[in-house]
Amino acid sequence: MTRQVLGWGGVVLVACLATGCATVDSMTRGGIRPVGSAAEFDRSAGRTDVPTVAFFYSPSCPHCRSMMRKLPGIASDYRGRVQFVAADVTRLGGLRQRYGIKGVPVILFLRGGAVEDKVVGNLPW
């Protein structure tokens, strides 16, 4: 098992290699909330003191699908302490522009709508 520790805002995420189907449905079952609009994203991540991990992906991106298999396990481990949302950049171009996302996958670590950290590309978990 490969492990990597990501520290952010007092929360340490221990990422363990997970298995499962690389679909939005599998992310939802794992505790990651897909957002369908910029307004929904803002309601979920923009106005809360709960730390938010925002995963930006494209369904056609192989690295995104790889991360889709890993994130549900992490989200489930941190349920109640950190919220996880997912946004498809092919459908939500406004969010992509707002956060300057030029390629995927991207993970933003947000608190109160402000970006505290950013990870670009597939993580070698």
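# Rings, burial and strand pairing

Student: How many aromatic pairs does the count come to?
Tutor: The count comes to four aromatic pairs. To be counted, two rings need centres within 6.5 Å. Keep in mind that this is a predicted model.

Student: Why is the pair of F41 and F56 called tilted?
Tutor: Start with the distance. The ring centres of F41 and F56 are 5.8 Å apart, and the limit is 6.5 Å, so the two rings pair. Now the angle. Their planes stand at 50 degrees. Stacked needs under 30 degrees and edge-to-face needs over 60, so this pair is tilted.

Student: What parts does the pair of F41 and F56 tie together?
Tutor: F41 sits in helix α2, residues 38–46, and F56 in strand β4, residues 52–57. The pair therefore ties together parts 15 residues apart in sequence. Both F41 and F56 are buried.

Student: What makes the pair of F55 and Y57 stacked?
Tutor: The angle decides. Their planes are at 15 degrees, and the stacked class takes angles under 30, so the pair is stacked. The ring centres of F55 and Y57 lie 5.6 Å apart.

Student: How do you know that F55 and Y57 are buried?
Tutor: Buried means under 20% relative accessible area. F55 has 2%, so F55 is buried. Y57 has 4%, so Y57 is buried as well.

Student: Which residues do ring pairs link into a cluster?
Tutor: F41, F56 and Y99.

Student: Why does C61 count as buried?
Tutor: C61 has 10% relative accessibility, and the cut-off is 20%, so C61 counts as buried. C64 has a relative accessible area of 0%, so C64 is buried too.

Student: Where is the place of S58?
Tutor: S58 is in the loop between β4 and α3, which spans 62–77.

Student: How do you know whether S58 counts as buried or exposed?
Tutor: S58 has 8% relative accessibility. Buried means under 20%, so S58 counts as buried.

Student: Which residues is S58 in contact with, leaving aside its neighbours within four places in sequence?
Tutor: C64, D88, V89, T90 and V104.

Student: What makes strand β6 mostly covered?
Tutor: β6 covers residues 106–111, and five of its six residues are buried.

Student: How do you know that β4 and β6 pair?
Tutor: Pairing needs at least two bridges. Five bridges join β4 to β6, so these strands pair. β4 and β6 run antiparallel. T52 stands opposite L110 in β6.

Student: How many bridges join β6 to strand β7?
Tutor: Six, and β6 and β7 run antiparallel. I107 has V119 in β7 as its bridge partner. β6 and β7 form a hairpin with two residues between them. In that turn, G112 has a positive phi of about 60 degrees.

Student: In what order do the five strands form the open sheet?
Tutor: The order is β3-β5-β4-β6-β7, with mixed pairing.

Student: What makes β3 and β7 edge strands?
Tutor: Each pairs on one side only. β3 covers 32–35. From one strand to the next, the twist averages 25 degrees.

Student: Which strands does α2 touch as it packs on the sheet?
Tutor: β3, β4, β5 and β6. The direction of α2 makes about 150 degrees with that of β3. α3 also packs on the sheet, touching β3, β4, β5 and β6. The direction of α3 makes about 160 degrees with that of β4.

Student: What does the secondary structure of the protein come to?
Tutor: Four helices and seven strands. From the N terminus on, the elements run β-β-α-β-α-β-α-β-α-β-β. The protein has 125 residues, and 44% of them count as buried. It exposes about 6100 Å², with 51% supplied by carbon and sulfur atoms.

Terms used. Residues numbered from 1 in each chain as written. Predicted model: local features only at pLDDT ≥ 70, side-chain atom pairs only at ≥ 80, totals over all residues. Heavy atoms only, no water. Buried < 20%, exposed > 50% of the residue type's maximum accessible area, 1.4 Å probe, protein only. Phe/Tyr/Trp six-rings, centres within 6.5 Å; stacked < 30°, edge-to-face > 60°. Contact = heavy atoms within 4.5 Å. Areas by Shrake-Rupley, 256 points an atom, 1.4 Å probe, with all protein chains shown as cover. Axes fitted to C-alpha atoms, helices over the stretch in contact; angles between N-to-C directions.
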